[in-house]
Amino acid sequence: MAPITPPRIHRPAPFGRALCAMVTPFTASGALDLDGAQRLADRLVRKGCDGLVLSGTTGESPTTTDTEKAELIRAVRAAVGGRAAIVAGVGTADTRHSVELALAAEKAGADGLLAVTPYYSRPPQDAVEAHFRELADACGLPVALYDIPGRTGTRIEPETMIRLAGHPRIVAVKDCAYDLLGTQKVLAETELAYYTGCDEYVLALYAIGGSGYVGTVANAAPGHFRAIIDAFDAGDTAEATRLQRRTVPLTELMMAGGLPGSVTAKALLGRLGLPSGPVRAPLRPAGQEVTDGLLAAYEELVGSGTR
């Protein structure tokens with residue numbers, strides 16, 4: 001009888017395993033803070049991030065200009081060099097605009113693209129597929145599909161994902177669909193690298209074959225989230241579970257307290273003396289009570305002997 005070969009649990013991670021959905025720091029007057037972005041990016045990489053997602057939801061991409069997006073990529077690239085991958089958010093409701101952003105990101109030095117489903121217009125699945133194919137055809141960078149129907153109004157159905165996986169430059173998914181059954185169907189049928197975009201699912205998705213995470217809470221606690229997957233990779237699933245559970249209070253306050261993660265992440269970073277600045281309208285800053293709660297949860301997490 002031929003020996004049984006264990007299944008390969010984790011597929012290649014094109015952008016690394018531990019990614020942070022980085023906030024976009026602004027000055028007190030609301031201008032882009034490139035110096036702050038460089039300092040924050042350097043800290044995140046030193047604390048364990050393999051990659052940084054710029055101009056995503058947490059990065060307030062709807063309120064930054066095309067020029068600011070390109071400037072941010074160039075500044076962060078100068079700060080981190082080749083120590084981390086830079087994935088640029090280029091998703092919009094307009095295919096033509098998304099292609100323009102993709103080309104600009106490639107020119108500015110990004111390593112990959114993150115493209116959300118076109119929002120508001122709620123295109124049918126054949127149009128969703130055509131949108132992503134046109135984007136992936138337009139430039140030479142690898143593309144991660146961002147499935148977050150709670151924000152866009154339209155999900156990327158598993159069957160659509162499976163078809164898109166045949167495109168040579170569509171290599172990954174940022175999964176915020178809250179559909180583990182659908183996710184497992186795509187994992188079984190494709191070689192797409194799956195990253196959870198839901199901080200509470202870091203261990204859950206990784207354990208069923210995901211490639212890593214794109215975390216918002218990681219802006220404040222990058223080392224802790226990295227430690228979860230490191231423990232799992234070392235075979236210490238009990239420690240990985242303990243570490244994941246330790247994140248629950250902070251994750252709940254930051255991501256499920258009724259405010260966007262960009263608001264809560266910036267509030268906590270500001271209290272920690274790290275680059276953040278205000279959010280741009282229509283978002284509004286977190287109040288004192290929320291910020292105090294975030295700080296208390298953060299101090300409890302880092303005081304537990306984790307990073």
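The following legends describe close-up views of a predicted model.

**View 1. Confidence along the predicted chain.** The protein chain has an average pLDDT of 95, and 95% of the residues score at least 70. Residues 1-7 remain under 50 in pLDDT, and the model gives this stretch zero contacts beyond four places in sequence. Where pLDDT is low, the predicted coordinates should not be read in detail.

**View 2. The closed barrel of eight strands.** The strands follow the order β1-β2-β3-β4-β5-β6-β7-β8, and their pairing is parallel. From one strand to the next, the twist averages 25°.

**View 3. Pairing of strands β3 and β4.** Strand β3 spans residues 85-89 and strand β4 spans residues 112-116; three bridges join the two in the parallel sense. Valine 87 is placed opposite glycine 112 of β4. Strands of a sheet pair through backbone hydrogen bonds, either parallel or antiparallel.

**View 4. The largest cavity.** Five cavities of 30 Å³ or more are found in a search of the whole structure, and the largest cavity holds about 70 Å³ of space. Two or more lining residues come from each of α2 (66-80), β3 and α3 (95-108). The largest share, four residues, belongs to α2. Among the lining residues are Asp66, Lys69, Ala70 and Ile73, together with Ala88, Gly89, Leu101, Ala104 and Ala105. By class, the lining of this cavity comprises eight nonpolar, two polar and two charged residues.

**View 5. The largest pocket.** This pocket has a volume of about 550 Å³. Its lining consists of 29 residues, and those nearest the pocket centre are Gly56, Thr57, Ser61, Pro62 and Tyr119. At least two lining residues are supplied by each of α2, α3, β4 and α5 (149-152), and β4 provides the largest share, three residues. The lining of the largest pocket divides into twelve nonpolar, twelve polar and five charged residues.

**View 6. The second largest pocket.** The volume of the second largest pocket is about 370 Å³. Of its 19 lining residues, Ile148, Arg151, Cys176, Gly197 and Met255 are the closest to the centre. Helices α5 and α12 (261-271) are the elements that give two or more residues to this lining. Eight nonpolar, seven polar and four charged residues make up the lining of the second largest pocket.

Definitions and conventions: Residues numbered from 1 in each chain as written. Predicted model: local features only at pLDDT ≥ 70, side-chain atom pairs only at ≥ 80, totals over all residues. Heavy atoms only, no water. Pairing = 2+ DSSP bridges. Axes fitted to C-alpha atoms, helices over the stretch in contact; angles between N-to-C directions. 1 Å grid on protein atoms, 1.4 Å probe; cavity = no way out; pocket = protein on both sides within 12 Å on 5 of 7 lines; lining within 4 Å. Points joined across faces, edges and corners; volume = space filled by probe spheres on them. Nonpolar A, V, L, I, M, F, W, Y, C, P; charged D, E, K, R; others polar. pLDDT = per-residue confidence, 0-100. Contact = heavy atoms within 4.5 Å.
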